[in-house]
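Here is my note for your first read-through. Keep the structure open and find each residue as you go.

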Amino acid sequence: MHESDTFLAILDEGQEKATRYNILVVGEERFGFPPDAVRSQLDNVTDLARLRRMVRRAVKAADWQEILDTQ
């Protein structure tokens, strides 16, 4: 079961969701509640590696846009 494509996809989806949550927590502490446009853009990011880079960027970013611009 642990090697099935479905299981791995579910794990990836959970990690993406948790990482988005972490971005929002850090961003809200620094910049306040994000506008709907920011949430929408963040929800469209599916690359887990990019999301992880965005968490790191959120710690030092100047604003929400700088986080979203992370490649």
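**Notes on the helices and their core**

1. Start with Glu16. Leaving aside its neighbours within four places in sequence, Glu16 is in contact with Thr46, Leu48 and Leu51. Keep in mind that this is a predicted model.

2. Glu16 sits in helix α1. Is Glu16 buried or exposed? Its relative accessible area is 14%. Buried means under 20%, so Glu16 counts as buried.

3. Now look at α3. Its buried residues are Leu48, Arg50, Leu51, Met54 and Ala58. Seen down the axis of α3, they fall within an arc of 150°, so they line one face of the helix.

4. Turn to the face of α3 that points away from this buried side. The exposed residues Arg56, Val59 and Lys60 are found there.

5. What covers the buried residues of α3? The cover includes α1, α2 and α4.

6. Check the N-terminal end of α3 as well. Asp47 caps it. A side-chain oxygen of Asp47 lies 3.1 Å from the backbone nitrogen of Ala49.

7. Next, the largest nonpolar core. It has 12 residues in all: Ile23, Leu24, Val38, Leu42, Val45, Leu51, Met54, Ala58, Ala61, Trp64, Ile67 and Leu68. Which elements give two or more residues to this core? They are α1 (5-31), α2 (36-43), α3 (48-60) and α4 (64-68).

8. Finish with Ala61, one of the core residues. Setting aside neighbours within four places in sequence, Ala61 is in contact with Arg30, Phe31, Glu66 and Ile67. Ile67 is also listed in the core.

Terms used: Residues are numbered from 1 along each chain as its sequence is written. This is a predicted model: local features need pLDDT of at least 70, side-chain atom pairs count only at pLDDT 80 or more; totals for chains, interfaces and linings use all residues. Side-chain values use heavy atoms; hydrogens and water are left out. A nonpolar core is a set of buried Ala, Val, Leu, Ile, Met, Phe, Trp, Tyr and Cys residues joined through side-chain atoms within 4.5 Å. Buried means under 20% relative accessible area, exposed over 50%, partly exposed in between (1.4 Å probe, protein chains only). Helices (H or I, at least four residues) and strands (E, at least two) are DSSP runs, numbered from the N terminus. Contact means heavy atoms within 4.5 Å. The arc is that of the directions from the helix axis to the C-beta atoms. A polar contact is a pair of N or O atoms within 3.5 Å; within protein, one must be able to donate a hydrogen and the other to accept it, and residues adjacent in sequence count only if both atoms are side-chain atoms.
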